[in-house]
Amino acid sequence: MTTPPVSLSSIGQIAINVHDLERATVFYRDTLDISQLFTAGGMAFLDCDGVRLMLGIAEKPEFDHPSPILYFNVEDARTAYESLKEGVEFRSEPLVVHRTETYELWMAFFHDTEGNTLALMSEIVVQP
C-alpha cells in the first residue's frame, strides 16, 4: 500500500533570527502592531493573522542565518516524515518540542536543495 503524498500548502510558523530579543519584540509587537502570544525559552511568539511568528536568537550555528525557517503545518509530523523521507534530507526524526496539558508540538527539520532549513510542524491533541 502506498502512502498518499503530503500537501505542504499551509505555513504554521516563521522563525526570524534576532540578535536582541527585547528590541526585536518591541519592534514587531509595538511598531508593526503584531499581537504577542507568549514568550518561552528565550523566544517570543506573535500572531500574524493566524501564522505564528517566532523571534529568537539562533541556538546552533546552522540556524544562524538571515533567512527565516518555514514551518509547514501537517496533520501528523511523523506520518509526513515517513511519506517524505525517501526524497528529503531530514536532520532528524520528528520529535516533541513542546508540551501543554492539551497538545504536543511535534517538529521535524529538513533542508531544501539550496541548504535552507524547513520544518514539518503538527500539534497533536493529548488525550486526558
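Biologist: Which side chain does the side chain of Glu104 join in a polar contact, and at what distance?

Modeller: A polar contact is a pair of N or O atoms within 3.5 Å, where, within protein, one must be able to donate a hydrogen and the other to accept it, and residues adjacent in sequence count only if both atoms are side-chain atoms. Here the side chains of Glu104 and Arg99 are joined by such a contact of 3.2 Å. The model is predicted, with local features needing pLDDT of at least 70 and side-chain atom pairs counting only at pLDDT 80 or more, while totals for chains, interfaces and linings use all residues. Side-chain values use heavy atoms, with hydrogens and water left out, and residues are numbered from 1 along each chain as its sequence is written.

Biologist: Where does Glu104 lie, and which residues does Glu104 touch beyond four places in sequence?

Modeller: Strands are DSSP runs of E with at least two residues and helices are runs of H or I with at least four, both numbered from the N terminus; Glu104 belongs to strand β8, residues 103-111. Contact means heavy atoms within 4.5 Å, and, with residues up to four places away set aside, Glu104 touches Val96, His98, Arg99, Ser122, Glu123, Ile124 and Val126.

Biologist: How many helices and strands does the chain have, and in what order do the elements run?

Modeller: The chain has 2 helices and 9 strands, and from the N terminus the order is β-α-β-β-β-β-α-β-β-β-β. The radius of gyration, taken over C-alpha atoms, is compared with a globule rule of 2.2 Å times the number of residues to the power 0.38. For this chain of 128 residues the value is 15 Å, close to the 14 Å of the rule, so the chain is as compact as a globular protein of that length. Along its principal axes, the C-alpha trace spans about 50 × 40 × 25 Å.

Biologist: Is Thr25 buried or exposed, and what does its side chain reach?

Modeller: Buried means under 20% relative accessible area, exposed over 50%, and partly exposed in between, with a 1.4 Å probe and protein chains only. Thr25, in helix α1, is buried because its relative accessible area is 8%, and its side chain reaches the backbone oxygen of Leu21 at 2.8 Å. Not counting residues up to four places away in sequence, Thr25 touches Asp30, Gln36, Ala44 and Leu55. Over the whole chain, 34% of the 128 residues count as buried.

Biologist: How far apart are Leu70 and Thr117 in sequence and in space?

Modeller: Leu70 and Thr117 are 47 residues apart in sequence, and their C-alpha atoms are 7.5 Å apart in space. Leu70 lies in strand β5, residues 69-73, and is partly exposed because its relative accessibility is 29%. Leaving aside neighbours within four places, its contacts are Ile11, Gln13, Ile14, Thr117, Leu118 and Ala119. In the chain, 49% of the contacts between residues at least 6 apart in sequence join residues at least 24 apart.

Biologist: What is the phi of Asp33, and what is the phi of Asp49?

Modeller: Most residues other than glycine have a negative phi. Asp33, however, has a positive phi near 60°, and Asp49 has a positive phi of about 55°. Asp33 is in the loop between α1 (21-31) and β2 (35-40), and counts as exposed because its relative accessibility is 65%. Asp49 is in the loop between β3 (43-48) and β4 (51-56), and counts as exposed because its relative accessibility is 77%.
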